[in-house]
Amino acid sequence: HAIHSLTKADARAGLPVAFEATVTYYWNDIDLFVQEGGEAIYVETKPNQSLVPGDRVLVRGKTRDSFTPDILSSQVTLLHHGSPPNAIKADFGQLIRAELDCMRVTVRAKVRSADTASFGNMHGIYLKLLMDGGSIDATVVGTDASRVKELLDSDVEITGVVSGKFDSKMQLIGILLEVPSLSDVKIVAHAKTSPE
């Protein structure tokens with residue numbers, strides 16, 4: 001809470017921080033999202049750590065100014081395994097107004113496109129989703145492309161962490177859900193017509 005209360009100038013000063021939180025998303029890269037109660041934050045960390053959603057961690061690092069204050073970590077220590085926090089049901093308005101930035105959420109949407117994708121040396125699925133009110137995108141961790149075809153034009157419930165797409169001035173121009181696993185994408189209603 002103290003980190004979120006910082007001004008941009010304070011965050012830019014690189015204040016030292018240490019706090020415990022629960023991992024909601026990490027994908028063998030530098031992107032780590034953690035949550036504590038009703039607040040969440042982005043942490044830039046080191047690649048190839050053995051962290052999964054639900055892990056309780058101790059984060060040490062420094063603040064920095066970004067879209068909102070976030071953390072450049074010097075060390076992330078696993079304390080114990082556990083369960084991720086319950087996801088909040090979210091609508092498009094809450095997402096685009098950044099009311100739930102970095103939080104674990106569940107949304108209802110229609111899949112407009114589903115493609116396998118490479119993100120550097122990692123592989124996943126990239127979804128374009130239409131919600132009531134607007135469009136968002138999602139990246140899903142994993143290489144299991146067996147369900148990609150059945151996702152197209154299906155209504156889904158998808159659980160992930162709210163991230164953003166930004167322009168060169170760090171202004172929010174779209175929403176990206178970071179989804180830990182294909183098991184976090186549940187088909188509510190299959191497409192009425194086969195895409196083929």
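Residues are numbered from 1 along each chain as its sequence is written, and side-chain values use heavy atoms, with hydrogens and water left out. In this predicted model, local features need pLDDT of at least 70 and side-chain atom pairs count only at pLDDT 80 or more, whereas totals for chains, interfaces and linings use all residues.

Most residues other than glycine have a negative phi. Ala-98, although not a glycine, has a positive phi of about 60 degrees. Ala-98 is placed in the loop between α2 (92-96) and β7 (104-119); helices (H or I, at least four residues) and strands (E, at least two) are DSSP runs, numbered from the N terminus. The relative accessibility of Ala-98 is 25%, so Ala-98 counts as partly exposed, a class that lies between buried (under 20% relative accessible area) and exposed (over 50%), computed with a 1.4 Å probe and protein chains only.

A positive phi, near 70 degrees, is also found at Asp-153, a residue other than glycine. Asp-153 belongs to the loop between α3 (148-151) and β10 (155-166). With a relative accessible area of 31%, Asp-153 is partly exposed.

Lys-46 is located in the loop that joins β3 (39-44) and β4 (56-64). Its relative accessible area is 45%, and Lys-46 is therefore partly exposed. When residues up to four places away in sequence are not counted, Lys-46 touches Tyr-26, Asp-29, Ser-73 and Ser-74, where contact means heavy atoms within 4.5 Å. The C-alpha atoms of Lys-46 and Val-76 are 8.7 Å apart in space, while the two residues are 30 residues apart in sequence.
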